[in-house]
Amino acid sequence: MADAKICGRFAPSPSGRMHLGNIFCALLAWLSARAQNGSMLLRIEDLDTSRCTEEKARLLMDDLLWLGLDWDSGAFPGKAPDEFYQSRRSGIYKEFFEKLAAQNLIYPCFCSRAELHAASAPHTSDGQFIYPGTCRNLTEDESRSKMQSHKHSWRIKVPDETITFNDRHYGRQSLNLAREWGDFIVRRSDGIYAYQLAVVIDDALMGVTEVIRGRDLLSSSAPQLYLYRLLGFKPPQFGHLPLLTAPDGRRLAKRDMDLDMGALRSRYTPEEVIGRLAFLAGLIDKEEPVKAAELLPSFDWQKIPKENITVTN
Ligand SMILES: [Zn+2]
């Protein structure tokens with residue numbers, strides 16, 4: 001089973017404390033990589049600098065280490081923010097953005113939020129809004145003159161093409177770019193590079209081979225795989241996880257404060273938190289304290305449920 005080339009990653013966003021759902025994904029990403037003798041990397045996804053702070057990033061790292069989830073490269077506590085913070089990488093994103101521009105694959109979009117809503121564009125099953133392509137057909141002259149006076153984002157043209165891939169957990173997936181996504185934003189009107197672009201560039205340049213995350217991001221795999229291809233990168237293995245939900249069926253969120261790391265750390269030991277998550281993940285038969293590393297010998301993706309998991313307090 002040993003494959004030294006496997007590299008998994010934690011990619012938390014320091015907009016708040018992690019909650020049980022985030023830790024669930026972190027634990028399974030760590031177990032999956034470590035069970036293959038792989039390495040782990042930690043990247044701080046702080047593109048939204050208005051909500052993310054260094055202090056919150058430090059807490060995230062401290063929480064992961066408290067849980068016994070370590071990593072080999074990337075951002076570390078006590079180290080100044082560096083190239084593993086997305087907010088510091090816009091120069092790199094710009095290079096690749098310009099590569100897409102040089103291939104005539106992107107175009108400026110002048111639509112305001114209100115205009116987009118008024119366009120009553122179709123939505124996908126999960127409520128994702130699909131851009132109707134309004135600005136795609138502006139002539140170069142029209143675009144250039146509008147750019148002088150209008151705020152604009154940049155969108156990438158997507159073909160009417162179905163992207164197919166094998167998910168580590170959910171098997172074969174097929175998603176149509178035009179129908180499920182439409183032309184998506186690669187740079188926001190405030191100049192910040194969009195998550196979809198940043199995450200692909202980062203995972204590719206950082207050598208990440210395995211991306212484990214919640215199934216709420218499953219459909220994102222299609223635009224990301226499309227970008228991997230356009231930018232000439234080898235795509236990672238994607239593996240999506242069931243979501244943790246409250247008894248009323250809604251997804252656990254940061255607002256479930258009783259389940260955030262601050263509250264959990266004040267009430268439980270790391271082994272108790274890991275034991276609870278391992279039990280929810282089907283990795284142990286009864287809920288009891290366990291260290292993350294003790295789960296490695298018997299770790300098996302087959303044990304993890306496909307359906308979302310209800311958490312009762
Ligand atoms: Zn537009």
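Trainee: What makes the three strands in this predicted model an open sheet in the order β1-β2-β3?

Mentor: The three strands follow the order β1-β2-β3 with parallel pairing. At the edges stand β1 (7-10) and β3 (73-74), each with a single partner strand, so one side of each is left without a neighbour in the sheet.

Trainee: Why is α3 called roughly perpendicular to α7?

Mentor: The axes of helix α3 (residues 90-102) and helix α7 (residues 195-205) cross at roughly 110° and come within 10 Å. Angles of 65 to 115 degrees count as roughly perpendicular, and that makes α3 roughly perpendicular to α7.

Trainee: Which residues of α3 and α7 meet, and of what class are they?

Mentor: I92, Y93, F96, F97 and L100 in α3 meet L197, A198, I201, D202 and L205 in α7. By class, this contact has nine nonpolar, no polar and one charged residues. Asp counts as charged, so D202 is the charged residue.

Trainee: What is buried between domain 1 and domain 2?

Mentor: Domain 1 (7-90 + 206-310) and domain 2 (106-195) bury about 2300 Å² between them, 65% of it on carbon and sulfur atoms. In domain 1, L47, Y226 and W301 lose the most area to domain 2, together 23% of what that side buries.

Methods:
Residues numbered from 1 in each chain as written. Predicted model: local features only at pLDDT ≥ 70, side-chain atom pairs only at ≥ 80, totals over all residues. Heavy atoms only, no water. Axes fitted to C-alpha atoms, helices over the stretch in contact; angles between N-to-C directions. Helix = DSSP H or I, 4+ residues; strand = E, 2+ residues; numbered from the N terminus. Parallel < 35°, antiparallel > 145°, perpendicular 65-115°, else oblique. Contact = heavy atoms within 4.5 Å. Pairing = 2+ DSSP bridges. Domains from an automatic or database assignment. Buried area = accessible area lost by both parts, 1.4 Å probe.
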